[in-house]
Amino acid sequence: MEDHEILDLYFDRDESAITETRFKYGLRLYKVCINILRVNEDAEEVVSDTLFKAWENIPPTRPDMLGAFLAKIARNLSINKWQARGAARRGGGEIDVLLSELGDCIPDNNTTEAEYESAQVQEAINAGLNKLDKTARAAFVLRYFHGESIRGICQRFEMSESKVKSILFRARKKLGAYLEKEGVVI
């Protein structure tokens, strides 16, 4: 089923929208969640929560890209669940690593003023990512949006670990420099 057809089901308040969404995007959402949470039951729970959030938000929202809309919800819910576990249970998760790596090029958004600037920052990030080559951009999104492990990126692109780390390092530096040039405070 095409995205516009699934969205029409949501707008008609037809509960089969959930079934169709799970069928089309369930595995992708699970992958995003498991990369962050590392616990099967938690990932499955967040996928269900994501579908519920989609039901709550569509309508009035009509996303242009349903898959990206759902992935963002799943990612945010996964991070919230991970944070709720507390520091003692974090163990071998990679979220600390991901966030510390991004700390060099992405500003902290804990202020009211930052909410206002959020759309501009998002546009600047997207523009900066568009300046990266295709492989660097894909690796960056896989790592920092989908929470993919370095090893997973290595397997996907058939590259060595040092090559992937180098690509990600350069991508962070280029994005950081671009954001600075655009006036985004880091």
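Which backbone oxygen does the side chain of Arg75 reach at 3.3 Å? Hold that thought for a moment.

Quick housekeeping: this is a predicted model, where local features need pLDDT of at least 70 and side-chain atom pairs count only at pLDDT 80 or more, while totals for chains, interfaces and linings use all residues. Residues are numbered from 1 along each chain as its sequence is written, and side-chain values use heavy atoms, leaving out hydrogens and water.

Okay, start with helix α2, residues 16-37. Helices here are DSSP runs of H or I, at least four residues, numbered from the N terminus. At Tyr25, α2 bends by about 65°; that's the angle between axes fitted to the seven residues ending there and the seven starting there.

Now bring in α4, residues 66-85. The axes of α2 and α4 come within 9 Å and cross at roughly 35°; those axes are lines fitted to C-alpha atoms over the stretch in contact, with angles from 0 to 180 degrees between N-to-C directions.

The oxygen its side chain reaches belongs to Phe145. Arg75 also makes a side-chain polar contact with Asn76, at 3.4 Å; that term means N or O atoms within 3.5 Å, one able to donate a hydrogen and the other to accept it, and sequence neighbours count only through side-chain atoms on both sides. Leaving aside neighbours within four places in sequence, Arg75 touches Val32, Ile36, Tyr144 and Phe145.

Notes: Helix = DSSP H or I, 4+ residues; strand = E, 2+ residues; numbered from the N terminus. Contact = heavy atoms within 4.5 Å.
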